Amino acid sequence: MDRATFARSTAFFRDSGNAPAAPAGTQVDFIDRVDSFTYSDFFRDYLLPNHPCVLSAKFTEGWSSRRTWLTRHGQPNFEHLLRSFGEAVVPVANCDLREYNSNPKEQLPFREYVEYWREYIRSGYRSSRGCLYLKDWHLSRAFPELDVYSTPVYFSSDWLNEYWDAVAVDDYRFVYMGPKGSWTPFHADVFRSYSWSANICGRKRWLLYPAGHEEFLKDCHGNLPFDVTAPDLRDKRIYPRYSQSQPPLEIIQESGEIVFIPSGWHHQVHNLEDTISINHNWVNGCNVATMWGFLQDELAAVQREINHWKDPMDDRHLQCQLIMKSCTGIDYKEFYNFLKVIAQNRVSILEKGLDEESSSRNDSKAAISTLGMLHAVFDLKRTVKVLSSLSANEDFRKLDLTSLSPSPEALLQHLEAAIDTALL
């Protein structure tokens, strides 16, 4: 991050508050050239204003998966994929069935899924089993030794995967593989995070709604639609505010291209051809306040639900945290630890620098160093802002905080001192 971008980010959050904006407009920018598009360009023009863009296939042409995962005709290379991953077990969704607001999933051997996919193609894209879609496969975690892609620098300030790598529990890096006609229902991403999605082969159709616009798509009970292309959305008795909504931004993503999905934008995705893609969800200093707002909304929803229970509970606040974590994957105390790990990694870089061994690795600390000291300071300032709000939150203060080390107050003091020292 250069000084001009640092100054721009400081002014942006001073003038507009915590949440990324949802800009007006009907165009999605297409970025063609790698050599003329810098991290600062992306940060200034897309991260801060929270606006989508598409990166051309030139940004992925060096990935080994772009060479080995597809045939010379641009189709999935099933033989290579079977040799590499045949014994893996993968999550597979049935696009023809609905289970609450998603498609039901099962675990299948990868080899069986590829056999199904080949037969599905031979049968004219029909099967008694339905349209099956391999989704949310943690390939990087299952095969850490493989070098099939590299995260573009624009998406390298990735707090979600930095934290979950540190605690060695989970990650938000996925591979999707599916036939023509497979799709993902209307949704916003986990924690209202950003996402990026790169097509290794195939084509996708994206329907995007800026953050907040989904309110016009809710039915008379306050529920979002499963499929925003369904004709019943035009029924005013069911969807009374649909006529106030704007048409979605539409993107046709070609093979090799990367789509950047802004924080909190709801979207629906259709595979127009047999398609393989690599996807990451990620949070950073630009949208961590949005993540914190999402968690507060989720806890409030749980509290409203529990208020309907007849039997009182002495540990009501703890039960609410437990239910929220089961639904979202995180509670307030883990969110504190999340902020702590992110902050301490940046303080370490500012105070000690990066040793030669760490610089040569492709990990989060190397990414922090690559983005520079001012980016680390920006991250700390955004962490302090959200940590201050968390520390003052009534529901957080009801919890037993003695297990947190350091205490929120001590951590805040340390971070503020580190920022002051870095800016001297």
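A polar contact is a pair of N or O atoms within 3.5 Å; within protein, one atom must be able to donate a hydrogen and the other to accept it, and residues adjacent in sequence count only if both atoms are side-chain atoms. The exercises below concern a predicted model.

**Exercise 1. The start and end of helix α7**

Determine which side-chain oxygen meets a backbone nitrogen at the start of α7, and describe the residue that follows the helix.

Solution. 
- Step 1. At the start of α7, a side-chain oxygen of Asp158 comes to within 3.3 Å of the backbone nitrogen of Leu160.
- Step 2. Ala168 follows α7 and has a positive phi, near 55 degrees. Ala168 is placed in the loop between α7 and β6.
- Step 3. With a relative accessibility of 67%, Ala168 counts as exposed, because the threshold for that class is over 50%.

**Exercise 2. Aromatic pairs between distant parts of the chain**

Classify the ring pair of Phe13 and Phe378, then that of Tyr163 and Phe338, and locate the partners.

Solution. 
- Step 1. The count of aromatic pairs comes to 49. One of them joins Phe13 and Phe378, with 6.1 Å between centres and 40 degrees between planes. This pair is tilted, because an angle under 30 degrees would count as stacked and one over 60 as edge-to-face.
- Step 2. Phe13 belongs to helix α1 (residues 3-16) and Phe378 to helix α13 (residues 373-392), so the pair ties together parts that are 365 residues apart in sequence.
- Step 3. Phe13 is buried at a relative accessible area of 9%, and Phe378 is buried at 4%.
- Step 4. Tyr163 and Phe338 form an edge-to-face pair, at 5.5 Å centre to centre and 80 degrees between the planes. Tyr163 is in helix α7 (residues 159-167) and Phe338 in helix α10 (residues 332-352), so that 175 residues separate them. Both Tyr163 and Phe338 are buried.
- Step 5. Phe13 also has a charged neighbour: Arg382 lies over the face of its ring, 3.9 Å from the ring centre. A further case is Lys180, whose charged end sits over the ring of Tyr125 at 4.5 Å from the centre.

**Exercise 3. The cysteines**

Find how many disulfides the model contains, and explain the state of Cys53.

Solution. 
- Step 1. A disulfide is a covalent bond between the sulfur atoms of two cysteines.
- Step 2. The count of disulfides is zero. For Cys53, the closest cysteine sulfur is that of Cys286, at 13 Å, which is too far for a bond. Cys53 is buried, with a relative accessible area of 1%.
- Step 3. Cys320 is likewise in no disulfide; the nearest cysteine sulfur belongs to Cys327, 11 Å away. The relative accessible area of Cys320 is 1%, so this residue is buried.

**Exercise 4. Strand β6**

Describe the burial of β6 and identify its strand partners.

Solution. 
- Step 1. Six of the six residues of β6 are buried, so the strand is largely enclosed by the rest of the structure.
- Step 2. In a regular strand the side chains alternate between the two faces of the sheet.
- Step 3. On one side of β6 are Arg173, Val175 and Met177, and on the other Phe174, Tyr176 and Gly178; both faces are covered.
- Step 4. β6 pairs with strand β5 (residues 132-137) in the antiparallel sense over two bridges, and Met177 is the bridge partner of Leu134.
- Step 5. β6 and β13 are also antiparallel, pairing over six bridges; Asn279 in β13 is the bridge partner of Phe174.

Methods
Residues numbered from 1 in each chain as written. Predicted model: local features only at pLDDT ≥ 70, side-chain atom pairs only at ≥ 80, totals over all residues. Heavy atoms only, no water. Phe/Tyr/Trp six-rings, centres within 6.5 Å; stacked < 30°, edge-to-face > 60°. Helix = DSSP H or I, 4+ residues; strand = E, 2+ residues; numbered from the N terminus. Buried < 20%, exposed > 50% of the residue type's maximum accessible area, 1.4 Å probe, protein only. Lys NZ or Arg CZ within 6 Å of the ring centre and 35° of its normal. Disulfide = S-S within 2.5 Å. Pairing = 2+ DSSP bridges.
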